[in-house]
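Subject: Structure handover

Hello,

Here is the structure I promised you. Please open it first, then read my notes below.

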Amino acid sequence: AYRKSDKIKENNTKKRLLDLIRIDLQRKIRFINDCIEYKDYKPFFTDVWDAVILSGKQTLFPFETIENLQHCYSWMKYYNTEIQQKNQNDNEKTLKELLDEVKKSIEHSLEILKE
C-alpha cells in the first residue's frame, strides 16, 4: 500500500529535483551570456538532466514538463554537436544564433517550472 510517508518522501524528492534543475538552467543562462560576451564558445554540461533520466526520477513530473525539459536539454546537446563539428572562427554567427535558441528554450522551461 502507498503510505502517507511515501507521498511525503516523493514530494520532497520532486521538490529537490525541481530546485536542482532550476538552478542548473539559471547557471546555463549565465554561461550563455559569458560565451556570447567573450566570444568563447564552450560546450554545455548536461549532467544534471542525464542524472535525472538515469535515476528514472523524471516519472515524478507531469509528461508536459518532461517533454519540455527534454526539448530544452536537446538544444544544448545539439549546440555541443555543432561546436565539435565546426571551426569556431568560421561559425561564430551560427553558434551565437544557436545559443539564442538554447536561451529561449531555457527561459521557457524556467517559466514552466515556476508553476
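Start with Glu-82. Its relative accessibility is 8%, so Glu-82 counts as buried. Buried means under 20% relative accessible area, exposed means over 50%, and partly exposed lies in between (1.4 Å probe, protein chains only). Glu-82 is found in helix H3. Helices here are DSSP runs of H or I with at least four residues, strands are runs of E with at least two, and both are numbered from the N terminus. Setting aside neighbours within four places in sequence, Glu-82 is in contact with Asn-91, Leu-95 and Leu-98. Contact means heavy atoms within 4.5 Å.

A word on the source. This is a predicted model, in which local features need pLDDT of at least 70 and side-chain atom pairs count only at pLDDT 80 or more, while totals for chains, interfaces and linings use all residues. Residues are numbered from 1 along each chain as its sequence is written, and side-chain values use heavy atoms, with hydrogens and water left out.

Next, confidence. pLDDT is the predictor's confidence in each residue, from 0 to 100. The protein averages 92, and 95% of the residues score at least 70. Helix H1 (residues 4–38) has the highest confidence, at 95. Helix H2 (residues 47–55) has the lowest, at a mean of 93.

Back to H3. Is Gln-84 buried or exposed? Gln-84 is also placed in helix H3, but at 68% relative accessibility it counts as exposed. From Gln-84 to Lys-103 is 20 Å, C-alpha to C-alpha, and 19 residues in sequence.

How do H3 and H4 pack? Helix H3 (residues 63–85) and helix H4 (residues 92–114) meet at an angle of about 160°, with axes 9 Å apart. Therefore H3 is roughly antiparallel to H4. Axes are lines fitted to C-alpha atoms, for helices over the stretch in contact, and angles run from 0 to 180 degrees between N-to-C directions. Under 35 degrees counts as roughly parallel, over 145 as roughly antiparallel, 65 to 115 as roughly perpendicular, and the rest as oblique. The contact includes Cys-72, Trp-75 and Glu-82 of H3, and Leu-95, Leu-98 and Ser-105 of H4.

Last, the cysteines. How many disulfides are there? A search of the whole structure finds 0. A disulfide is a pair of cysteine sulfur atoms within 2.5 Å. The sulfur of Cys-35 is 15 Å from the closest cysteine sulfur, in Cys-72, so it is too far for a bond. Cys-35 is buried, at 3% relative accessibility. Cys-72 is buried too, at 0%.

Best wishes
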